[in-house]
Amino acid sequence: MSAGIKNHNRDKYERVRRLMWIKCEACGRLVYYKDYKNNHYVCPRCGRAFIMTPKQRFDLLFDSINWQKFDLPIVSDDPLNFTDRMSYKDRLAEAREDTGTNDAISTADGKINGINTTVCVMNGDFMMGSMGRAAGDAIIASIEHAIERQNPFVMVTCSGGARMQENILSLMQMARTTVAINKLHENKLPYIVVLTDPTFGGVTASFAMLGDIHIAEKGARIGFAGRRVIEQNIHEKLPSNFQTADYLYDHGMVDIVVDRDELKNTLGRVLDVLTKQPRSPKIIDVKTPKFDAPKKSRDVGKTPEYDRVLLARNENRPHFLDYVNGIVDEWTYLAGDRCFAEDAAMCGGIGYWYGIPSVIIGQEKGRTIETRQQHRFGMANPEGYRKAQRLMKLAEKFNLPLVSLFDTAGAFAGGSAEERGQSQAVASTIAMGLRVKTPYVAVNVGEGGSGGAIAIGTGDRIMMLENAIYSVIAPESCASILWKDNKFKANAATALKLTARDMASLNVIDKIIDEPAGGAHKDWQTTMELLGKSVADAINELKEVPVDELVTSRVKKFLSMTRDVEIFQPEHTPEEKQV
């Protein structure tokens with residue numbers, strides 16, 4: 001307090017000071033309150049995002065302030081007559097006076113991007129947003145209200161966990177709210193969870209981790225047990241970023257991490273696709289990047305088939321994310337398998353493919369040294385294939401067409417991948433693709449390598465770019481095993497019948513998509529126009545077929561494949577026979 005302030009003015013000064021300046025609890029600096037408010041209650045100095053009141057959340061997320069609050073059920077207080085340093089009834093009375101709300105949950109209806117949406121907010125200022133009977137009943141009533149209105153449901157979490165003062169009655173809310181979430185999923189309504197700081201305990205272990213899509217605010221702390229509890233139990237120092245939003249993203253638990261000022265736009269994009277808002281096809285306008293021409297391979301011209309292998313592997317050829325950026329509108333990348341990790345080798349998300357709301361998955365190889373290492377040259381771990389399964393289920397729930405662009409030398413072969421069940425992950429992805437109840441178009445855009453490719457290649461319509469290849473093994477490996485010499489790789493490529501034309505002759509694919517003269521790497525614009533339209537035409541054709549019939553015909557398609565196949569194989573040369 002300044003020395004010149006007289007005693008009778010101190011209270012007035014304190015009120016003015018609080019309205020003008022606040023102290024950031026994270027960095028300790030004084031922040032002008034107006035700047036803090038205009039920055040959506042994020043410290044402009046250190047970036048720490050602080051708890052928002054329900055009203056502030058509703059104003060942030062809805063298109064306008066004309067949202068309508070939903071009346072929630074009232075339950076009796078203090079069922080266990082609980083007292084610690086003060087009675088539970090007194091704690092409730094104090095929290096109600098401080099927040100102006102009856103309990104930790106507030107719910108409102110409004111529009112996000114013009115879409116009628118129900119938003120449920122946990123108030124972290126009400127006893128740390130802890131979950132008791134009142135919160136459980138409020139969440140259940142909010143979900144039932146959303147189902148009645150057929151509204152997407154957005155849950156904004158902020159909680160320390162279950163409310164200790166209600167003991168087992170609080171614990172049971174984990175099961176009760178999950179029942180309501182199951183009803184929401186059964187009604188095929190979007191359920192989006194926005195995880196804010198902090199979200200812990202029984203909340204994360206129930207409804208907060210059961211969303212169709214999980215969005216975390218940048219910097220939010222999210223977990224089951226608290227950091228101090230874990231460190232005390234294991235007697236180890238945890239990483240500095242442990243249980244942060246970025247940490248959970250890397251470990252596959254959340255789809256998206258966004259700054260608070262981008263939250264509304266992100267929600268709008270997601271809801272647009274999941275509710276199938278109409279969009280005109282994106283105008284494809286890409287330029288073929290100027291690359292340094294790769295050194296001409298000594299193997300060019302050995303056989304036409306091996307020339308195709310080299311074209312399929314051309315490092316300047318468009319990859320998955322290039323196609324997405326060129327063809328897909330309102331793209332939202334979705335991350336993680338919800339079990340262990342985010343695998344950048346298997347990419348996926350939602351957006352408008354040529355104006356059609358879709359789920360899109362595929363392998364990404366990367367182009368620079370750094371991105372190739374990040375994406376592991378398109379060779380996915382088990383987490384990548386489990387992420388693909390999760391996105392297949394998302395497509396089925398919302399009856400969104402599934403588009404896969406596969407381009408991989410194969411599933412990643414490594415000790416850690418084996419430990420985490422690589423074979424099972426690939427097998428279950430094939431099984432999921434064969435039974436997913438939605439139109440499914442798969443396109444081989446480069447290398448179709450072994451089980452890693454077919455895992456996301458079991459579509460109703462299977463296409464190949466003209467210079468793509470499809471094979472159980474790389475021709476180099478085949479030559480080394482069967483010819484006992486890698487120099488016969490071109491001969492192996494011919495014998496394997498791995499080109500698009502061979503696949504069409506064998507009735508393995510439905511269509512060959514032309515490439516520009518010289519290959520896709522020569523003209524990205526034309527390649528993307530041809531690919532985009534071919535996939536869109538196939539989707540529109542498949543959308544006319546009842547989903548149950550799609551699955552039946554898809555199964556028949558693969559059962560009939562490879563039957564009664566005879567194809568000419570060239571005789572080996574004398575040189576080859578001597579090997």
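Author: Here are the cavities, the sheet beside them in the account, and then the pockets.

This is a predicted model: local features need pLDDT of at least 70, side-chain atom pairs count only at pLDDT 80 or more, and totals for chains, interfaces and linings use all residues. Residues are numbered from 1 along each chain as its sequence is written, and side-chain values use heavy atoms, with hydrogens and water left out.

Cavities come first. A cavity is a set of points, on a 1 Å grid over the protein atoms alone, where a 1.4 Å probe fits but cannot get out; lining residues have an atom within 4 Å of a point. A volume is the space filled by probe spheres set on the points, which are joined across faces, edges and corners. The whole structure holds 2 cavities of 30 Å³ or more.

The largest cavity has about 70 Å³ of space. Its lining has 13 residues, and Val75, Ser76, Asp77, Ala134 and Glu166 are the closest to its centre. Helix H4 (88–99) and helix H5 (133–149) each give two or more residues to this lining. Helices (H or I, at least four residues) and strands (E, at least two) are DSSP runs, numbered from the N terminus. H4 gives the largest share, 3 residues. By class, the lining of the largest cavity has 4 nonpolar, 2 polar and 7 charged residues. Here Ala, Val, Leu, Ile, Met, Phe, Trp, Tyr, Cys and Pro count as nonpolar, Asp, Glu, Lys and Arg as charged, and the others, Gly among them, as polar.

The second largest cavity is about 50 Å³ in volume. Among its lining residues are Phe50, Met122, Cys158 and Arg260. Strand E6 (153–159) and strand E7 (191–199) each supply at least two. This lining has 6 nonpolar, 1 polar and 3 charged residues.

E6 and E7 belong to an open sheet of 7 strands, in the order E3-E4-E5-E6-E7-E8-E9, with mixed pairing. Two strands pair if DSSP finds at least two bridges between them. E7 and strand E8 (residues 213–217) pair in the parallel sense over 4 bridges.

Now the pockets. A pocket is an open set with protein on both sides within 12 Å along at least five of seven lines. The largest pocket has about 520 Å³ of space. Of its 18 lining residues, Pro294, Lys295, Leu310, Asn314 and His521 are the closest to its centre. The second largest pocket has a volume of about 450 Å³. Helix H8 (residues 227–234) gives the largest share of its lining, 3 residues.
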